[in-house]
Amino acid sequence: MPFSLPQALGFARAGETPGAATTASAHIGLGLAAVGRPGYINLGRDRDLPADRTVDALRERTHELLDAAYAQGVRYFDVARSYGRSEEFLAEWLTARPDIDDVVVGSKWGYTYTARWTTDAVQHEVKDHGVATYERQRAETAALLGDRLDLYQIHSVTPDSPALTDRELHARLAEAAAQGLTIGFSTSGPAQADAIRAALAVTVDGQPLFRAVQSTYNLLETSAEPALAEAHDAGLTVIVKEGMANGRLADPHAPDALKAVAAQTSLGCDAVALAVILRRPWVGVVLSGAATTGQLASNLQAATVDLDDEQLSRLGTLTEDPRAYWERRGQLPWH
């Protein structure tokens, strides 16, 4: 089918050339982690989502967000096998809008959703980066998204992940790449930089396997920046997730320094926090994890924020020790 792609993303379907970004919001994508399942660790979910989080209610909310995002220039949509029914909701939205052929779809495999549509499960997802899980989840994703899938990422790679050394898995992923799928990985944890550098060294038949990386980066957690810059220089598309630190950088939870700068700009703390990320030269796309259309509209204002050196200096004081950051993140409850 005809296909155009914002240059910000840096990848396209096989044999096609990325087009020029048409709007500033093309550098902002929409991730569906917060609305594809009833439970997640973002702060403020009791306020953001309906109390009765049925499948139909979250399907409606997801489609509302996708409509609003597309109308405002967003062209990258991010889902995962472990985000409840996110792939299903996105697939239904795409099927209902066959005229939309200029979006990029990314999904992730490696976690299995186990919460059974509850918020109080003992275990919400199970991680496994083995070949068998890849084959099973690849088939599940294909059944829903078919040829609309552009980017398939290993979910949450850490330095000890077997996905970094499993040659059989690498061969399977290379086969998918040869068929036109872009292969990437996401990272998490205090050693993201180590995981990124290890992944950059993975080759199949002398060629780099990965063409995209998605990592956590925000005002509080900046430790992956040097490695992400290296990934960009190596030709990978860099996607930033958790730019809002799971709600810690949004009102009313934002630190005072961020609130003060936001007041000066007359915009939300979220827009300012995302704007700082957009300024990084190695960033291709920053994900919005909005759960409401109001949050999405505010997030998209990040593309218009202009910050001076003094404001950037103040915001730079918010950085936390990576281990402390990830320990706190690990303690966030599933709402």
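Let's start at T118, which sits in the loop between β4 (111–113) and β5 (125–127). Those labels come from DSSP runs numbered from the N terminus: helices are H or I runs of at least four residues, and strands are E runs of at least two. What you're looking at is a predicted model, where local features need pLDDT of at least 70, side-chain atom pairs count only at pLDDT 80 or more, and totals for chains, interfaces and linings use all residues. Residues are numbered from 1 along each chain as its sequence is written, and side-chain values use heavy atoms, with hydrogens and water left out.

Is T118 buried, exposed or partly exposed? Its relative accessible area is 29%, so T118 is partly exposed. Here, buried means under 20% relative accessible area, exposed means over 50%, and partly exposed is in between, using a 1.4 Å probe and protein chains only. Now look for P38: it is 80 residues from T118 along the chain, yet their C-alpha atoms are separated by 6.3 Å. Leaving out residues up to four places away in sequence, T118 touches P38, G39, Y113 and H124, where a contact means heavy atoms within 4.5 Å.

Next, go to the largest nonpolar core, which has 86 residues; L30, F77, L90, F185, F210, L258 and L315 touch the most other members. Helix α9 (residues 269–278) gives the most to this core, with eight residues. A nonpolar core is a set of buried Ala, Val, Leu, Ile, Met, Phe, Trp, Tyr and Cys residues joined through side-chain atoms within 4.5 Å. Zoom in on F210 and, beyond residues up to four places away in sequence, you'll find it touching I154, I183, G184, F185, A199, V202 and L236.

Among the buried residues of α2 are V55, L58, L65 and L66. The buried residues of this helix pack against β1 (28–31), α1, β2 (76–78), α3 (86–96) and α10. Just after α2, G73 takes a positive phi of about 100°.

The largest pocket holds about 980 Å³, and of its 49 lining residues, Y40, I41, N42, E242 and N246 are the closest to its centre. A pocket is an open set of points on a 1 Å grid over the protein atoms alone, where a 1.4 Å probe fits, with protein on both sides within 12 Å along at least five of seven lines; lining residues have an atom within 4 Å of a point. Grid points are joined across faces, edges and corners, and the volume is the space filled by probe spheres set on them.

Finally, visit the loop between β11 (237–241) and α8 (256–265), where E242 is placed. E242 is buried because its relative accessible area is 14%. Its contacts, leaving aside neighbours within four places in sequence, are Y40, T216, Y217, N218, Y325, W326 and R329. Most residues other than glycine have a negative phi, and most peptide bonds are trans. A245, though, has a positive phi near 50°, and N246 has a positive phi near 55°. The peptide bond from D251 to P252 is cis, with omega near 0°.
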